[in-house]
Amino acid sequence: MLNPSLIEQFKHIAGPANVMDGEADRHCYSYDAAVLTAVVPALVARPETTEALGKVVRLCGDNGLPLTVRGAGTNLSGGTIPDPRDGIVVLTSALNRIIEINEADLYAVVEPGVITAKLATEVATRGLFYPPDPGSQSVSTLGGNVAENAGGLRGLKYGVTKNYVMGVTFFDTTGERIVTGARTVKCVTGLNLSSLMVGSEGTLGVFSEIILKLVPPPAAQKAMMVLFDDTAKASQAVAAIIAAKIVPCTLEFLDNFTIRAVEDYAKAGLPVEARALLLIEVDGHPAQVADEAARVEAICKQIGATGVQVARSAAERDKVWAARRAALSALARLRPTTVLEDATVPRSKIPDMIRAVEQIAAKHKLLIGTFGHAGDGNLHPTILTDRRDEKEYARAEAAVGEIFEVALSLGGTLSGEHGIGLAKSKWLEKETSRGTILYSRRLKKALDPKNILNPGKVLGWE
Amino acid sequence: MGVKPLADLRELHRQLLELDDQLVTCMRCGMCQAVCPIYAETGREALVARGKIALLEHLGHDLLKDVDGVKDRLETCLLCGACAANCPSGVKVLDIFIKARAVLNTFKGLSPIRKLIFRAMLVHPDRFNALVSLGSKVQGLFVKPVSEVLGSSCARISVGALGDRHFPVLAKRSLHAEVARLDTPAGAAGIRVAFFPGCLVDKIFPRVGQAVLKVLKHHGVGVFLPDHQACCGIPALSAGDLNSFNDLLDKNLACFGGGNFDYLVTPCATCTATISKLWPVFADSAATERRAAVTTLAAKALDINVLLTDILKIRPDGVSQNGKRKVTVHDPCHLKRSFGIAAQPRMVARLNPEVELVEMQDADVCCGCGGSFTLLHYDIAGRIGARKRDHIVATGADTVATGCPACMLQITDMLSQAGDQVAVRHPVELYAETLG
């Protein structure tokens with residue numbers, strides 16, 4: 001329980017309407033999109049200015065209150081679940097101004113609560129392009145994207161959020177404003193703290209302003225759907241496309257289980273007998289696009305694709321992508337609980353990973369559909385289960401552990417884009433080393449001596 | 001109010017957990033935040049579907065004590081269905097919310113004012129009609145006209161629920177007073193429809209009902225219009241009063257059950273959605289005979305626009321070049337979200353050769369009415385409605401057409417308050433004007 005005078009101080013800083021301390025409201029900030037136990041915060045504050053944000057952080061710092069910043073709460077690893085010891089949730093939803101879009105210098109300056117798709121749309125109207133497109137982009141915030149280093153479908157060619165962060169302004173636990181990075185392409189002034197902040201999951205500072213790189217959009221694109229009777233062939237096709245020096249902007253994969261689920265749900269006319277399906281899109285100058293699309297088609301056929309459908313119009317392109325867009329919905333409807341993982345392997349190891357996931361599903365008698373970003377090896381094995389069934393859910397948790405083991409044994413990583421949060425911190429040492437954890441914890445302790453910035457996330461508990 | 005006995009709370013938890021199979025399908029992805037009009041205004045998680053579902057789950061599992069807090073959040077909802085239409089895992093949000101409202105209502109009891117409105121008036125159609133008829137005669141004492149184009153008025157003195165609203169007054173004579181009953185055989189069209197005008201068309205917009213009858217007659221459609229029709233029940237359902245809902249349903253079954261007609265046609269999107277989607281779910285299912293009658297009627301419910309364009313195949317040819325009247329169309333949630341109906345009302349408007357359609361931004365975003373929502377949460381409803389008004393005015397249209405009289409009310413209020421000279425019409429009115 002927070003003492004009433006502290007609650008008054010929060011109200012004084014953020015305004016009474018922006019502080020929620022009633023039971024019902026607090027319960028609505030006790031979860032995110034990860035399948036984890038809810039933790040109810042003691043208070044929720046929604047500062048409307050960055051100045052108020054800094055004061056809220058300082059108030060937490062002065063009083064040793066654990067603070068968790070929340071954008072849209074779409075986190076898939078529990079990064080926005082607050083601390084059980086009088087946790088404070090700080091909302092960024094009122095810090096949602098696009099401060100500047102600079103068309104001459106190709107950057108945008110935003111507050112952390114700006115919705116990803118809103119920035120993307122806004123820059124598109126000015127003939128520019130912000131490529132990172134996480135699946136939750138219609139609601140996710142840029143602050144959350146930077147804190148998690150969010151990815152998306154375009155990772156292979158355009159990179160992920162970290163490739164677009166030019167600078168971050170943030171508050172430390174004393175409410176001091178830290179300015180890093182610049183509006184210039186080149187900047188070697190000071191320690192590269194912006195990069196330290198990207199993917200720090202709210203454990204090192206609280207963002208107040210972000211400078212993001214923009215690029216010119218591609219003039220043309222071409223999409224195709226390619227079918228295979230063997231997952232290994234799909235993977236060979238991916239390798240052969242890259243070896244031919246072609247970098248598609250998207251190269252998505254659906255396994256047989258997902259294909260059948262999508263077909264049951266959307267009746268899009270997908271061949272349910274296909275073992276694997278690739279959705280490939282190339283973009284760029286129209287002549288280059290035509291050339292690369294033809295070569296991709298030839299490569300796929302040469303490797304033994306059982307079908308290639310090239311989209312001839314915008315409507316056909318939309319149809320190709322409809323299958324991918326429906327993947328999560330189609331799977332999620334099969335069972336009450338959806339555990340969406342993002343273990344990632346070097347792209348040549350995709351067939352091994354798919355095979356292993358199929359074996360894990362069979363061994364634990366679970367439904368697992370796998371789809372994802374074949375171009376960068378970032379797969380989404382999706383376990384369909386019911387968290388109310390204790391026995392089955394225990395098997396699901398065991399399966400998650402085994403998926404991580406396999407990914408690491410193949411030279412991969414625990415998380416491609418969802419973050420470590422609470423859900424995966426116990427596996428972190430397995431991928432890195434004891435020394436890595438201790439080094440990171442020393443860093444955290446130096447910057448956040450009272451351990452109030454999203455405690456327990458990424459680095460676990462000492 | 002004394003503290004509720006433990007047994008009641010256990011019963012509350014038990015009833016909420018009956019919804020658990022539906023609640024658990026929410027995977028907390030948060031995609032509902034993208035489309036919820038109330039979330040867009042308030043940014044509050046407790047007012048978006050994900051938050052409300054979490055509250056119901058936590059209350060059902062006894063993790064949360066504040067029943068009033070949950071009830072208040074749950075009732076701050078337009079029931080527009082945008083979240084359900086956008087939900088990746090297909091959560092049946094409206095079913096959950098209406099059932100939960102009924103559960104919480106049983107626990108807390110219906111408010112005295114609602115009890116009076118539903119149980120003393122709404123479920124007695126003849127009494128309701130008599131009161132409205134009386135009201136239409138004396139309302140001039142209390143309200144004064146504001147806009148001729150919109151036909152709106154406001155209270156002479158700001159009082160109670162009327163506040164500063166601008167509203168179309170009760171019609172001098174309601175539709176049922178003009179046309180008590182009809183029973184005509186199928187003509188040239190070869191079909192016969194039962195006509196369910198709905199309360200708002202009957203009492204406030206009888207001109208829409210007259211337009212429907214004119215169009216049906218013109219196309220040789222037989223009409224069955226029984227008297228003593230009752231409200232479709234949505235106000236009672238959304239307030240969680242299942243008893244009044246089932247009383248109303250009985251009265252309507254008595255009017256229409258076993259009738260000889262092909263479709264049950266309404267000019268009200270909300271009535272169509274209620275009859276088609278909610279009657280089968282919420283009808284007391286004890287008697288199989290009653291259940292069968294409800295299912296049959298639900299399957300026959302049809303929006304007037306769809307009847308004209310899809311069944312009778314009356315469609316405009318080409319694109320109007322005339323452009324004497326610029327019309328923009330607002331999509332009622334109960335057509336677009338509930339049925340995916342959007343093209344049909346536009347086609348019906350264009351059956352008037354003078355009409356040139358201009359699209360507004362966010363045509364399918366809720367107008368903020370939400371039935372009784374606007375009575376209880378006029379502030380949020382007004383902010384959402386003001387956006388709709390801005391989008392309408394930005395088109396430069398002289399008329400906004402929409403297939404729901406509840407939207408017509410809300411939009412009239414918003415335009416009238418802003419002093420705009422934009423008329424509000426049902427698409428079928430635009431077509432009926434062209435038929436001699």
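Modeller: A salt bridge is counted here when a side-chain nitrogen of Lys or Arg lies within 4 Å of a carboxyl oxygen of Asp or Glu. The model is a predicted one, in which local features need pLDDT of at least 70 and side-chain atom pairs count only at pLDDT 80 or more, while totals for chains, interfaces and linings use all residues. Residues are numbered from 1 along each chain as its sequence is written, chains are lettered from A and ligands numbered from 1 in the order in which they are written, and side-chain values use heavy atoms, with hydrogens and water left out.

Over all chains, the rule gives 58 salt bridges. One of them joins A:Glu281 to A:Arg317, with the closest N and O atoms 2.9 Å apart. This pair connects distant parts of the chain, since A:Glu281 belongs to strand β12 (residues 276-284) of chain A and A:Arg317 to helix α11 of chain A, 36 residues apart. Helices (H or I, at least four residues) and strands (E, at least two) are DSSP runs, numbered from the N terminus. A:Glu281 is buried at 5% relative accessibility, whereas A:Arg317 is partly exposed at 30%. The word buried stands for under 20% relative accessible area, exposed for over 50%, and partly exposed for values in between (1.4 Å probe, protein chains only).

A second example is the salt bridge between A:Asp342 and A:Lys424, whose closest N and O atoms are 2.8 Å apart. Here too distant parts of the chain are linked: A:Asp342 sits in the loop between β14 (337-340) and α12 (350-363) of chain A, and A:Lys424 in the loop between α13 (390-409) and α14 (428-431) of chain A, 82 residues apart. Both partners are buried, A:Asp342 with a relative accessible area of 0% and A:Lys424 at 2%.

The salt bridge of A:Glu51 and A:Lys55 spans 3.6 Å from N to O. These two residues are four apart in helix α3 (residues 50-63) of chain A, so about one helical turn separates them. A:Glu51 is exposed, with a relative accessible area of 55%, and A:Lys55 is partly exposed, at 45%.

Charge pairing also crosses between the chains, where six salt bridges are counted between chain A and chain B. A:Asp25, B:Arg44, B:Asp72 and B:Arg73 are linked in a network of salt bridges. Contact, meaning heavy atoms within 4.5 Å, involves 30 residues of chain A and 33 residues of chain B.

A:Arg388 and B:Asp21 form a salt bridge with their closest N and O atoms 2.8 Å apart. On the side of chain A that touches chain B, α2 (23-27) and α11 (314-332) of chain A each supply at least two residues. The most comes from α2(A), which gives four residues. By class, that side of chain A holds twelve nonpolar, ten polar and eight charged residues. In this classification Ala, Val, Leu, Ile, Met, Phe, Trp, Tyr, Cys and Pro are nonpolar, Asp, Glu, Lys and Arg are charged, and the others, Gly among them, are polar.

The nonpolar surroundings complete the account. A nonpolar core is a set of buried Ala, Val, Leu, Ile, Met, Phe, Trp, Tyr and Cys residues joined through side-chain atoms within 4.5 Å. The largest such core has 76 residues, of which B:Leu56, B:Phe97 and B:Phe256 touch the most other members. Helix α7 (residues 93-108) of chain B contributes the largest share of this core, eight residues. Apart from neighbours within four places in sequence, B:Phe97 is in contact with B:Ala49, B:Lys52, B:Ile53, B:Leu56, B:Leu74, B:Cys77 and B:Leu79. A second, separate core of 54 residues includes A:Ala220, A:Met353, A:Ile354 and A:Tyr393.
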